Amino acid sequence: MAGGVSVNAIRIEKIRPTRTEWAFFIFGQFIFVNDFRISEKFCERSTFLLGRGPRKGMAMIISMKRHATREEIDAVTNQVNHFGYKVHSIEGEERVVIGVVGVGDVTACMESIEAMPQVENVMRISAPYKFVSKEFRKEKTQIRVNGTVIGGDEFVVIAGPCSVESEEQILRSAEGVAKAGAKLLRGGAFKPRTSPYDFQGMEEEGLKLLQKAKKATGLGIVTEVMSDRDVDLVANYADVLQIGARNMQNFMLLKALGKCGRPILLKRGLSSTVKELLMSAEYIVAHGNPDVMLCERGIRTFETVTRNTCDIAAIPALNELTHLPVILDPSHATGKRSLVPALARAGVAIGADGLIVEAHPAPEKAISDGAQSLDMFQFARMMDDLKPYIDLWKASRAREVAAAASI
Ligand code: PEP
Ligand code: MN
């Protein structure tokens with residue numbers, strides 16, 4: 001096992017100097033991983049990280065100032081080479097344009113070149129994220145959770161209350177959503193609340209109740225972790241760790257998730273761009289965990305009719321940019337129970353891989369997010385109403401898979 005990993009690491013090191021960072025970085029992870037004797041499964045996934053790399057191509061274009069001298073052009077070329085990239089320059093009568101070719105994140109090289117006085121403009125062509133990009137991997141990542149596959153040929157619904165409140169509440173929620181066809185149970189034991197005076201969650205006691213609900217219904221558990229200090233604790237009880245919108249750029253937490261051994265549901269930050277979401281996912285994957293699903297849960301805009309503004313176009317945009325599964329949260333995206341079923345239908349139609357929906361046996365008594373929670377009857381009706389859309393989704397997914405296989 002260790003031999004295979006070393007060979008991969010050395011091979012990458014030899015490609016070119018800028019990859020050395022990754023090689024050492026990843027290599028460092030492996031030493032760490034081996035010390036802790038992580039399973040064969042992890043090694044398979046490590047090969048996923050190391051075995052295939054993005055294709056070589058144009059990474060950025062540098063436009064020199066008009067009438068730049070030969071020395072100035074050579075200085076830029078040398079600097080590009082110093083970062084391990086190759087150059088292809090086009091020399092016009094007045095201006096030289098330099099194409100930078102290579103793999104990897106060009107950010108450091110770009111920043112250095114931008115600071116050179118003879119350079120007029122630098123344009124990045126390759127994305128700053130690698131492992132999560134479609135270029136890196138064409139087929140969708142499939143994530144197996146408690147017997148269910150997310151990113152495969154099933155549309156997966158995750159449902160349950162905003163917070164775990166009591167044994168009775170979580171058991172009734174789990175039974176209700178399981179009966180209606182949900183495959184995973186959601187419920188927060190650690191709650192990120194805007195006010196410090198609001199209910200903060202039942203913490204470990206809540207995690208234990210989630211385990212009871214899993215035993216009773218067989219549903220896998222999706223629950224939030226808010227701090228890198230709690231990752232091991234939450235991973236002991238959960239099948240999927242949810243990273244809330246407010247923690248999307250908590251980089252210490254993202255790094256800790258690389259080694260947690262559980263799939264991640266990464267929610268888009270309240271004011272984050274799609275690219276920032278992908279960069280956060282890149283953190284988790286680069287630190288050793290390829291099982292990341294992304295969640296559109298609405299963003300903050302000037303609109304006040306809904307709690308957040310659902311960026312529905314982010315779903316097909318993500319499907320173009322990344323191989324990671326994409327989940328829609330119609331509950332936080334609207335803040336209103338009456339709007340949830342319509343948005344859920346939109347999610348199916350637009351090609352999400354699943355939904356995460358808040359449902360509560362008595363929403364009027366919910367400690368958090370009651371206004372956006374469906375009761376069990378409403379949830380079951382929504383699931384019923386989704387069926388014809390899910391049938392169309394399945395046909396469309398089968399066509400996409402067949403088309404991808406024929407390329
Ligand atoms: C939640 O899922 O209950 C939650 C707090 O979500 P978000 O982080 O998207 O606000
Ligand atoms: Mn909530």
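To get my bearings, how many helices and strands are there in the protein chain? After that, which residues of helix 13 and helix 14 make the contact between the two?

Reply: Quick housekeeping before the tour. This is a predicted model, so local features need pLDDT of at least 70 and side-chain atom pairs count only at pLDDT 80 or more, while totals for chains, interfaces and linings use all residues. Residues are numbered from 1 along each chain as its sequence is written, and chains are lettered from A and ligands numbered from 1 in the order in which they are written.

Now your count: the protein chain has 14 helices and 14 strands. Both are DSSP runs numbered from the N terminus, with helices being H or I over at least four residues and strands being E over at least two. The chain runs to 407 residues, of which 44% count as buried. Buried here takes 20 or more other C-beta atoms within 10 Å of a residue's own, exposed takes 12 or fewer, and partly exposed is in between, with C-beta atoms placed from the backbone. If you look at contacts between residues at least 6 apart in sequence, 67% of them join residues at least 24 apart. A contact needs C-beta atoms, placed from the backbone, within 7 Å.

On to the pair you asked about. Helix 13 covers residues 340-350 and helix 14 covers residues 376-405, and their axes come within 9 Å while crossing at roughly 15 degrees. For the axes, lines are fitted to C-alpha atoms, for helices over the stretch in contact, and angles between N-to-C directions run from 0 to 180 degrees. Helix 13 and helix 14 are therefore roughly parallel to each other. That label goes to angles under 35 degrees; over 145 is roughly antiparallel, 65 to 115 roughly perpendicular, and the rest oblique. On the helix 13 side, the contact uses Val340, Pro341, Ala344, Arg345, Val348 and Ala349. Helix 14 brings Met382, Asp385, Leu386, Tyr389, Ile390 and Trp393. By class, that contact has ten nonpolar residues, no polar ones and two charged ones. Nonpolar means Ala, Val, Leu, Ile, Met, Phe, Trp, Tyr, Cys and Pro; charged means Asp, Glu, Lys and Arg; the others, Gly among them, are polar.

Helix 14 has another partner in helix 6 (residues 167-180): their axes come within 9 Å and cross at roughly 20 degrees. That angle makes helix 6 roughly parallel to helix 14, and the crossing is right-handed. Here Gly176, Val177 and Ala180 of helix 6 meet Met376, Phe379, Ala380 and Met383 of helix 14. Sorted by class, those are six nonpolar, one polar and no charged residues.

Helix 6 also packs against helix 7, at an angle of about 35 degrees with the axes 9 Å apart, again in a right-handed crossing. From helix 6 you get Glu167, Ile170, Leu171, Ala174, Glu175 and Ala178, which meet Leu209, Leu210, Lys212, Ala213, Ala216 and Thr217 in helix 7. That contact splits into eight nonpolar, one polar and three charged residues.

While you're at helix 7 (204-217), check Glu203, which sits in the loop between strand 8 (184-186) and that helix. Glu203 isn't a glycine, yet its phi is positive, about 50 degrees. Glu203 counts as partly exposed because it has 15 C-beta neighbours inside 10 Å.

Leu328 counts as buried because it has 27 C-beta neighbours inside 10 Å. Leaving out residues up to four places away in sequence, Leu328 touches Glu296, Ile315, Gly347, Ala352 and Leu355. Ala346 is 18 residues from Leu328 in sequence and 9.4 Å from it in space, C-alpha to C-alpha.

Last stop, ligand 1: around it are Cys162, Gly188, Pro192, Gly244, Ala245, Arg246, Lys267, Arg297 and His332, picked by a C-beta atom, placed from the backbone, within 6 Å. That shell divides into three nonpolar, three polar and three charged residues.

Conventions: A crossing is left-handed if the near helix is turned anticlockwise from the far one by less than a right angle, and right-handed if clockwise.
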